[in-house]
Amino acid sequence: VDECKQNPRICRDHSTCTNTQGSYTCKCLPGFELNLTEPKLCTDVNECAPGLNPCHKSTHCLNHKGGYQCHCRPGWKPVPGSPNGPNTTVCEDEDECSSGWHQCHNSTICHNTLGSYKCLCHPGWEPILGHLNGRNNTVCQVKPFFTWLLPPGVKSQSLSRFFDKVQDLHRDFNPITAKDTIQGLMQGVDELLETPGDLETLPASQKHCVATHLLAEVENALITLSRALPEETSTFSYSAGTQLSLKVQKQGDGNVTLSQNQAKMQLNWNLAQESGHTGPSVVGFISTPGMGKLMAEAPLVLQPEQPVAPHGTHKNLLPRVSPVLLSDVISAFLSNKDTQNLNSPVIFTFFHRVSAVGLKVLCVFWDHHQNGCGHWATAGCRTVGTGNGSTTCHCTHLSSFAVLLVLYDVQVRAALSLIAAEPLMPTTLLK
């Protein structure tokens, strides 16, 4: 007798009936097993139980009666060509940062991790009260981006008014309007250099201190503020001749060139990228013609192996005039602040109104490591060539740079020919 046909419900749920000679057997369906307390009862097997999980580690095991499914975990997606849910599902990390599916605030940088992401404050920024850096709800604010006070011994109403303007910019700062904050900062710098007021009455050494602090603080502020800008190349110009060029880009290779009216800078993009930093990198280039007023009579320190006097000059014929600033003062900066020993040179091209053919021209940088007040120096900068109203320099570090014309007694006659082209030069020469 086939008991299975005779009584289709002879076996209980989740099992199959198999007829045998003189009897029958009940066997649990796949995904079920005999209940230990009721041997004729089949109960669901939990394939997702600890130690039994058959799914790939990149998936989440979801048990159901008689089986299971393998679903990608949050932050993961099926490998290309694979559906989500089958027992053989294999998943890969979902880059929420690249796809734009993250929920990071625009004051943070999205940093992808396996299966998730972090919202990190920009370098130079900090989480606002009640937020932890890295959480998905992190909101950051810029740290004080201009904290400089008057240098010791320096008293200046012009500088004090400038500081007040900058503090107002910081108080009203919003990451969405970072470009407006940068514009306001550089406009303030331009106005200060155009009409320095009582700064012009300071002793030369104090002027040098002011120049050093101003250059350093503006550079630090721009590095911090520019991280909130969209990826683009921008140039800003101001009435007194100050110019700012910025390139913000997340990834790049090869060379990048920034050009302005009186100068051009070319460097390898890899120099700007910080190790371990996934956010945008910044290359900045500032031209401040008015800065020369604060750098007048600054000493010049040459490399030991670099001669100063023309060949054949008698040792008693030493320079009796200070070097003349032939170009605008420019400053270069990167989001990567490790710029003291670059593995490839930065190329600067200065355009100047006066031809320096036959005269001693030097590529120099502003060195502020001595007493914090600064002087011109040549270490790490090489004058590649000069002619046709331009000079090319190769430098292996970043700072503020310029081209100096060094005059000697034997060159005074040649230098007098420059007076017609540069009205401000006679007083300097006659001194």
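Which residue forms a salt bridge with arginine 12? Glutamate 38 does, with the closest N and O atoms 3.5 Å apart. A salt bridge here is a side-chain nitrogen of Lys or Arg within 4 Å of a carboxyl oxygen of Asp or Glu.

This is a predicted model, where local features need pLDDT of at least 70, side-chain atom pairs count only at pLDDT 80 or more, and totals for chains, interfaces and linings use all residues. Residues are numbered from 1 along each chain as its sequence is written, and side-chain values use heavy atoms, leaving out hydrogens and water.

A search of the whole structure finds three salt bridges. The table gives each pair.

| Pair | Closest N and O atoms |
|---|---|
| Arginine 12 and glutamate 38 | 3.5 Å |
| Glutamate 191 and lysine 165 | 3.2 Å |
| Lysine 179 and glutamate 232 | 2.7 Å |

Glutamate 191 and lysine 165 link distant parts of the chain, 26 residues apart. Glutamate 191 lies in helix H4 (residues 178-194), lysine 165 in helix H3 (residues 157-171). Helices (H or I, at least four residues) and strands (E, at least two) are DSSP runs, numbered from the N terminus.

Now for accessibility. Buried means under 20% relative accessible area, exposed over 50%, and partly exposed in between (1.4 Å probe, protein chains only). Arginine 12 is partly exposed at 43%. Glutamate 191 has 32% and is partly exposed. Lysine 165 is partly exposed too, at 45%. Lysine 179 has 32%, again partly exposed. Glutamate 232 is partly exposed at 28%.
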